[in-house]
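Please examine the structure shown below together with its sequence.

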Amino acid sequence: MTLQPLLLQPVQPVQQVQPVQSVQPVHPVLLPGFVGLPESVSPITPPRTWAVLGVQALGCTDHALTRVFGRLCGAGTQIRLRGGRGTVLAPAGDWQQALRLARRIRADLGDAVWISVTWRPYEELARGVREAEDVLRVVCALGRRPGVHQLDDVAVEFAVASNPEVSRRLIALIEPVVTRPELLRTLEALIAADGNRARAAADLIIHRSTIDYRLGRIEALTGHSPTRIHGLQTLCTALAAHTLAGAGAGAGAGARSAAASAV
């Protein structure tokens, strides 16, 4: 029997088994300018309802705020921050859950923090963001104390400002005060003090006669006395209309006045 030589077949290179790539969760962009929290896993399908929070925190960096939101907010949370002020979108099943979240964040961040809160379905997030940011601007401009605020807290101001003709008249009325920083600070302090002149003077660290003189100047310029309930309400609403129109520069000063009065 003839032995056939063993034919060696060329050795085929062993194919490297590629590891299965894990599918990364999708971070849907809910609105322009918002980013997902780095440590938050976002669901592929956005939740149906959301808490929308406007936040202003004096003395807090954006990094510090991001860490707090990452710890307290749910999966899929998105934020837009700049200079300690911004907006948070966090999944929330109902209005009460949104309110509880706002209060937890406020308690964690400390006293000098203003948070506006609303609750919206996914389809109405853009409207919710506008509302939350507008409420935050108004409560800061009006010198409201730090805390959690809702649209109901400034409903009168919003209702008046939503009428274009009335809003224009109020903006023109308050313009002479807004362009004079010492008068603007005085009006903000009086609003923050609920009309109490002695407390407003103490917050501003000025003499009682000085605040009386400034309030008299405000009345002369506007025709409305800030020492009377109706006059102060009119000036308060006018300042809100000015702020909502995007022309007001008093929000930061209002926040500082409220922070001083909260100490």
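Nine salt bridges are present in the structure; a salt bridge is a side-chain nitrogen of Lys or Arg within 4 Å of a carboxyl oxygen of Asp or Glu. Side chains of opposite charge can pair when their charged atoms come close. The model is predicted, so local features need pLDDT of at least 70 and side-chain atom pairs count only at pLDDT 80 or more, while totals for chains, interfaces and linings use all residues. Residues are numbered from 1 along each chain as its sequence is written, and side-chain values use heavy atoms, with hydrogens and water left out.

One of the salt bridges joins R80 to E133, with the closest N and O atoms 2.6 Å apart. Because R80 lies in strand 3 (residues 78-82) and E133 in helix 3 (residues 125-141), this pair ties together parts that are 53 residues apart in sequence. Helices (H or I, at least four residues) and strands (E, at least two) are DSSP runs, numbered from the N terminus. R80 is partly exposed at 28% relative accessibility, and E133 is partly exposed at 22%. Here, buried means under 20% relative accessible area, exposed means over 50%, and partly exposed lies in between (1.4 Å probe, protein chains only).

Helix 3 also contains E131. E131 forms a salt bridge with R120, the closest N and O atoms being 2.7 Å apart. Since R120 belongs to strand 5 (residues 113-121), the pair ties together parts that are 11 residues apart in sequence. Both E131 and R120 are buried. Together with E124, these two residues are linked in a network of salt bridges.

A further salt bridge joins the side chains of D134 and R137, at 2.1 Å from N to O. Both residues lie in helix 3, three residues apart, about one turn of the helix. D134 is buried, with a relative accessible area of 18%, whereas R137 counts as partly exposed at 28%.

The backbone provides the next topic. Most residues other than glycine have a negative phi. Which value does phi of D194 take? Phi of D194 is near 55 degrees, a positive value in a residue other than glycine. D194 lies in the loop between helix 6 (181-192) and helix 7 (197-204), and D194 is exposed, with a relative accessible area of 67%.

I205 likewise has a positive phi, near 55 degrees. I205 is found in the loop between helix 7 and helix 8 (208-222). With a relative accessible area of 75%, I205 is exposed.
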